Amino acid sequence: MPEPTTASAPKPLPAPRDQNLRDLADCIRALAMDAVQAANSGHPGMPMGMADIATVLFKDFMQFDAADPHWLDRDRFLISNGHGSMLLYSLLYLTGYQDMTIDQLKHFRQVGYRTPGHPEYRHADGIETTTGPLGQGLANSVGLALAERIMNAKFGDDLVNHFTYVFCGDGCLMEGISHEAISLAGHLKLGKLILFFDNNAISIDGSTGLSVSDNETERFHASSWHVIEIDGHDTDAIRTAIKEAHAVTDKPSMISCKTVIGFGLPTKAGTQKAHSDAPGVDEIAGARKLLGWDSPPFVIPEPLLRQWREIGANGRAARGRWADRVAKAPDTARTDFERRNRGELPPDWKQAIAAARAQFIESGKDIATRAASGAVLDHLFAAIPELLGGSADLTPSNNTRAKNQVEIRPGEYDGSYVHYGVREHGMAAAMNGIALHGGLIPYGGTFLCFSDYCRPAIRLASMMEVRTIFVMTHDSIGLGEDGPTHQPIEQLASLRAIPHLAVYRPGDPVETAECWECILEAPRQAALIALSRQPMPLLRREAGSENKSMRGAYVLQEAEGGPRALTLISTGSELHLAVQAREIMQKDGVPTAVVSMPCRLLFEQQDVAYKQAVLGAETGARVAVEAAVELGWDRYIGFKGAFVGMHEFGASGKIGDVYKRFDITTEAVVRASRSVLAMLS
C-alpha cells in the first residue's frame with residue numbers, strides 16, 4: 001500500500017540584498033494581503049510583486065513631501081496597472097499622507113472610503129490620476145512628463161525640475177494605447193520619464209505566453225527609449241537602474257523588472273491565482289511565515305512605520321528650498337507661475353473673446369465653425385499663454401494652431417503646439433496628463449468621428465473633472481465627400497451620454513466664441529467642442545458681450561404675431577435651417593420661435609422656469625433638427641414632437657447633395673412642423 005502524500009513545504013524566499021529594505025517592502029505586502037482579504041476582492045499580486053521596486057524608489061529617489069501633496073515640483077508617481085491600487089494606498093499611508101489612514105485601508109473597496117478598487121483622482125492626496133483601464137496611466141505619464149519639460153523651458157530648473165515615474169504591467173503593454181504613448185514619448189525625447197515594467201509573465205488567464213510573444217525590450221528600443229533589464233527583487237539592481245535612468249537625459253527610460261507576482265505567497269506566487277483573488281486565510285498565514293512577518297493584520301511595527309514616515313518627510317527640505325527660489329524669482333515670472341499653478345486665467349482674457357466676436361460681426365461672412373474656432377484661438381493664445389494646442393495630424397483641418405504658436409520638437413520644449421501624429425487615443429490621454437500636471441491648458445483636435453478612438457480618455461477626463469479640451473471638427477454629414485466612414489452619426493449622442501462632459505456644438509461664429517468662453521471658465525470640467533467643415537451664416541449680429549450660450553440653450557428668435565405655437569430646436573450647422581423654416585412658418589401665420597441649444601449639459605443645470613421659458617409650453621409643437629441620430633432629443637420634443645436628422649449612416653458626395661439625400665433641409669423642417677401642428681390641432 002503506497003504511503004500517503006503530503007503537500008511539499010513552500011520554498012524559502014531568496015535572501016534579500018538588504019534585510020531592512022525587505023522589511024520595509026514587506027510592510028506593503030502585508031497591508032496589501034490584509035486589505036484584499038478583508039474586502040474579499042482585489043489584486044494582491046502586483047503590490048506584492050512590485051513592493052521592492054516601490055520601496056527603493058520612494059526611499060532613495062522620490063522627491064515629495066507627504067505634508068504638502070500639491071507641491072508643484074514634486075516627482076509624479078503613477079500606477080498604470082491600477083488594479084494594484086493597494087500598493088499606492090499602502091505607500092500613502094506608510095509615508096504619512098493625512099487623509100490615508102489605516103481605517104481607509106481596512107475599508108478597501110467599500111463605498112464612502114478613499115480606497116476604491118482602482119485609484120481615483122481627488123479621492124485622496126497623492127493619487128495623481130485615475131487609472132484602471134490598462135494603458136491609460138502610461139499615456140497620462142507621457143503628458144505629465146511633457147508638461148514638466150514645457151514648464152521647465154518656460155520657468156527654468158529653479159522652479160520646475162522633476163521626474164515622472166510610472167509602474168505598468170503586461171496588460172498595459174498589450175493595450176493599443178501603449179504603442180501610441182511609447183512612440184510619442186520616445187520621439188519627444190522625454191528624458192525625465194521613467195517606466196517600470198512589472199515583467200512577471202502572468203495574466204488573468206494564465207501565462208502571458210497564451211496571448212503574446214512580443215519582445216518588449218526590443219519594442220522600447222525601437223521607439224527610442226533607453227532600456228534596462230533587472231531582477232525586480234534585487235534592491236541593489238533597482239537602485240543602480242534608477243541612477244542609470246536619471247543619467248540619460250535625451251531618452252525616456254524603461255526598466256524591465258523581472259518579478260514574481262504575489263511574491264511571498266506560499267502556493268499562489270508566480271501564478272494567475274495571485275493576480276486578482278483574495279489569498280485566503282491559510283495562504284496569508286503561510287505568507288506571514290515565509291516573510292517572517294508576525295504582526296497582526298493592519299499593524300505595522302513601530303520602527304518600520306517610523307522609517308516610512310521619515311521617507312515621507314525626506315523631501316521637506318527640498319520643498320522649502322524650492323519655495324525660497326519661487327519667492328526670489330523675478331516678479332513677472334513669479335506672478336505668472338503662481339497664477340498658472342492656481343489654475344487661474346489672466347485677468348483680462350475675456351477681451352480676446354470680445355475681440356473675436358467683434359471680428360465676426362464686422363466681417364458678416366459665412367464661415368465654418370472650425371475656422372471660427374481657429375480665429376478665436378488666434379485671439380486667445382495672445383491672452384492666455386498657458387494654452388497648449390495640438391492635433392492628431394489634422395492641424396490644417398482642425399484649425400487648432402493659432403498664429404504665433406511655436407511647435408514643440410524633440411528635445412525643444414519652448415513652444416505651445418504639439419504634433420501628436422495619428423495617435424488619437426494617445427493624444428487624448430496625454431492631454432489628461434498635461435491637465436493633471438498643472439500650469440497648462442491642453443486642447444487637441446481630430447475629426448469627430450475619431451472621437452471613438454479617444455473615448456476611454458475622454459471618459460476619464462470627465463470622471464476626474466479636469467480641464468481637457470477636445471476639439472472635434474467635421475462634425476456631421478457636412479464633411480461631404482469622405483463619406484460614411486468619416487461622417488459622425490451616433491457620436492454626439494454617445495458623447496452627450498458621458499456624465500460631466502460638456503459637449504458644445506455652436507451654430508455660428510459668435511456662438512463658437514461664446515462656447516470657448518464657457519469652456520475656459522470651467523477649470524474642473526472636461527469639454528468637447530464639435531465644429532463644422534462647411535461654412536455657416538452669421539446668425540448673431542447683436543452688439544455687446546452677453547454670453548447667451550452659457551446657459552446651454554436660449555431663444556435665438558422669438559415667436560411673433562401671437563403666443564408661441566411652434567418651437568424649432570437645433571444646434572450647429574443645422575441651426576440656420578431652423579431659422580429659414582421659421583421665416584416660412586411665420587409667413588404662414590404660425591408664431592414660431594427658434595431655440596439654439598449649443599450645450600445640453602449646461603441647459604440641464606438651469607432651473608425649471610428658465611427651461612420652460614426657452615422651450616415653451618409642453619403642449620406646444622416642437623421640432624428638433626440635427627444631422628445626427630435622434631437619441632436624446634425626445635427629452636425636449638416629447639412623444640408628439642418631430643425630429644429631422646439622421647436615421648442611418650451617411651453617404652459620399654457634395655455637401656448639399658448629401659443633406660438632400662437624407663432630407664435634412666429647410667423644406668423638411670417645414671413639413672415636420674406642419675405635421676406636428678396638424679396632429680395637435
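Buried residues account for 59% of the 681 residues in the protein chain of this predicted model. The chain holds 27 helices and 16 strands. For 681 residues, a compact globule would have a radius of gyration near 26 Å, and the 28 Å of the protein chain agrees with that. Contacts between residues at least 6 apart in sequence join residues at least 24 apart in 77% of cases. Overall values are listed below.

| Property of the protein chain | Value |
|---|---|
| Box filled by the C-alpha atoms, along the principal axes | roughly 100 × 75 × 45 Å |

The largest nonpolar core has 72 residues, of which Leu 146, Leu 190, Leu 195, Trp 225, Phe 337, Ile 458 and Leu 528 touch the most other members. Helix 5 (residues 136-155) gives the most to this core, 10 residues. Leaving aside residues up to four places away in sequence, Leu 146 touches Leu 188, Leu 190, Ile 408, Tyr 413, Val 418 and Ile 434. A second, separate core has 61 residues, including Ile 53, Val 56, Phe 77 and Ile 228.

Helix 13 (residues 316-328) has 13 residues and should span 18 Å at 1.5 Å a residue; its end C-alpha atoms lie 19 Å apart, which agrees. Its buried residues are Ala 318, Trp 322 and Val 326. Seen down the axis of helix 13, they fall within an arc of 80°, so they line one face of the helix. An α-helix has 3.6 residues a turn, so residues three or four places apart point the same way. The buried residues of helix 13 pack against helix 14 (331-342), while the face turned away from the buried side carries the exposed residues Ala 327 and Lys 328.

Definitions and conventions
Residues numbered from 1 in each chain as written. Predicted model: local features only at pLDDT ≥ 70, side-chain atom pairs only at ≥ 80, totals over all residues. Heavy atoms only, no water. Helix = DSSP H or I, 4+ residues; strand = E, 2+ residues; numbered from the N terminus. Expected span 1.5 Å × (residues − 1). Buried < 20%, exposed > 50% of the residue type's maximum accessible area, 1.4 Å probe, protein only. Arc of directions from axis to C-beta. Contact = heavy atoms within 4.5 Å. Core = buried A, V, L, I, M, F, W, Y, C linked by side-chain atoms within 4.5 Å. Rg over C-alpha atoms; globule rule 2.2 N^0.38 Å.
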